[in-house]
Amino acid sequence: MPITVKNEKIIHPLLQEHQVELYIKREDLLHPFISGNKFRKLKYNISEAKKQNKQTLVTFGGAFSNHIAATASAGNTYGFKTIGIIRGEELALDLNKTLAQNSTLAFAVKQGMQLHFISRADYKLKEQEPFITQLQHTFGDFYLIPEGGTNELAIKGCTEILTPDDRTFDVICCSVGTGGTITGLIRSAQAQQQVIGFPALKENYLHLEISKKTTQGNWELNRDYHLGGYAKTDTKLVSFINDFYKTQKILLDPIYTGKLLYGIFECLKQGKFRKKTRILAIHTGGLQGIAGINTKLKKKGQTLITTSYEI
């Protein structure tokens, strides 16, 4: 049965002033824990793991990784043992303290995931064959899912985000991490639709990597709203997220979707969208990442992101 999620219209004075329509596709509502693009990326990988008769899923992520949390939940749901290779060996020095302070890793453990902490230097080797071979020696036979979940099966899942009803939109916008989601959108968008990606990290390689995976030319990256890099934020973004939730009752995360919508509204202020433009923004979930950012903001004595969301 096809999965459908609603497109929610946003009512805002700026949109009315510039005569632009904005809808948000609520992919965040797909699943409580395997939400948004993580649901899409894991769908066919889970099927392939079953096809190969694998019993264990191994993947990679940082301490507050949406992908780690989603993979742990998926493994628990579909009957796989899961192992998370986590960046930062110092986190293992006092694991009880780490889990008490980190809701993402605590959730993953609760879902049955085994955590294996490695140094940042070793983490950079995660895609190299000798490192993967060593993991096989350590953990036995497993199905490997890349960091962030992006591979061809993940992209296939992301091509299913857009539906025939979405053909009336002029512009499709999404946040960009590893590039899998936007690649799926580019492949499935209509030729007359423009796909705009808003990278969540400071990068110089994504355009090339995405270009390797698609021949379509109806897309671009807007690099103006990464705010200094992955998981970096500022008071303007936090204020925007809190105001957006107050007025629209839609919660955004500060790592991906917050930067996406912030960027869209900033572009709107600058007149970068023509009148009568219909925009569809993809809410890719990731709300569990709020806790990690709030921890950092609290230590700095700064305003927190207002949320009742708990993983």
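Reply: The count comes to 10 aromatic pairs, where rings of Phe, Tyr and Trp (its six-membered ring) pair if their centres lie within 6.5 Å, with planes under 30 degrees apart counted as stacked, over 60 as edge-to-face and the rest as tilted. One of them joins Phe 60 and Tyr 123, an edge-to-face pair because the centres are 6.4 Å apart and the planes stand at 85°. This pair links distant parts of the chain, 63 residues apart: Phe 60 belongs to strand β3 (residues 56-61) and Tyr 123 to helix α6 (residues 120-123). Helices (H or I, at least four residues) and strands (E, at least two) are DSSP runs, numbered from the N terminus. Phe 60 is buried at 3% relative accessibility, and Tyr 123 is buried at 4%; buried means under 20% relative accessible area, exposed over 50%, partly exposed in between (1.4 Å probe, protein chains only).

Phe 240 and Tyr 262 also meet edge-to-face, since their centres are 5.7 Å apart and their planes lie at 75°. Here helix α11 (residues 235-248) supplies Phe 240 and helix α12 (residues 257-269) supplies Tyr 262, 22 residues apart.

The charged end of Arg 87 is over the ring of Tyr 123, 5.1 Å from its centre, and Arg 278 lies over the face of Phe 169, 4.6 Å from the ring centre.

The model is predicted: local features need pLDDT of at least 70, side-chain atom pairs count only at pLDDT 80 or more, and totals for chains, interfaces and linings use all residues. Residues are numbered from 1 along each chain as its sequence is written, and side-chain values use heavy atoms, with hydrogens and water left out.

Methods. A charge sits over a ring if NZ of Lys or CZ of Arg is within 6 Å of the ring centre and within 35 degrees of the ring normal.
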